[in-house]
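Biologist: Before we turn to any particular residue, could you show me how one reads burial, disulfides and the sides of a helix from a set of atoms?

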Amino acid sequence: MSRKSTYSTPTDQSSLCLQYLRRCGGSARLCAIKFSLGVIQTLVNRKLVKVTNTGAGFFVELDEAK
């Protein structure tokens, strides 16, 4: 029998992370985001967000290329 995981998966948290970024105006400092790096990596792999280095730190931004 398979067990149901008690931990949320990155895909469950990815929609919450996208909502958070939308409320923050489309970008937020990577160090200020309380989501796991797995969630961020999932969103980057799906090309929904991008991580940029501004020289003053790393920012996660919504990818508006869609």
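Modeller: Let us start with a cut-off: a residue is called buried when its relative accessible area is under 20%, and exposed when that value is over 50%. The model here is a predicted one, and in it Cys31 counts as exposed because its relative accessibility is 61%.

Biologist: Is Cys17 buried or exposed by that reading?

Modeller: Cys17 has a relative accessibility of 0%, and therefore counts as buried.

Biologist: How many disulfides does a search of the whole structure find?

Modeller: The general idea is that a disulfide is a covalent bond between the sulfur atoms of two cysteines. In this structure the search finds 0 disulfides; for Cys17, which takes part in none, the nearest cysteine sulfur belongs to Cys24 and lies 9.4 Å away.

Biologist: Which residues of helix 2 are buried?

Modeller: Helix 2 spans residues 37-45, and its buried residues are Val39, Ile40, Thr42 and Leu43. They lie on the same side of helix 2, because the arc they cover around the axis is only 160°. On the other side of this helix, Leu37 and Asn45 are exposed, and just after helix 2 comes Lys47, with a positive phi of about 60°.

Biologist: What is Ser14 in contact with, once its neighbours within four places in sequence are left aside?

Modeller: Ser14, which lies in helix 1 (residues 10-23), is then in contact with Val39, Leu43 and Arg46. Val39 and Leu43 are among the buried residues of helix 2, and Ser14 itself counts as buried because its relative accessibility is 3%.

Technical notes:
Residues numbered from 1 in each chain as written. Predicted model: local features only at pLDDT ≥ 70, side-chain atom pairs only at ≥ 80, totals over all residues. Heavy atoms only, no water. Helix = DSSP H or I, 4+ residues; strand = E, 2+ residues; numbered from the N terminus. Buried < 20%, exposed > 50% of the residue type's maximum accessible area, 1.4 Å probe, protein only. Contact = heavy atoms within 4.5 Å. Disulfide = S-S within 2.5 Å. Arc of directions from axis to C-beta.
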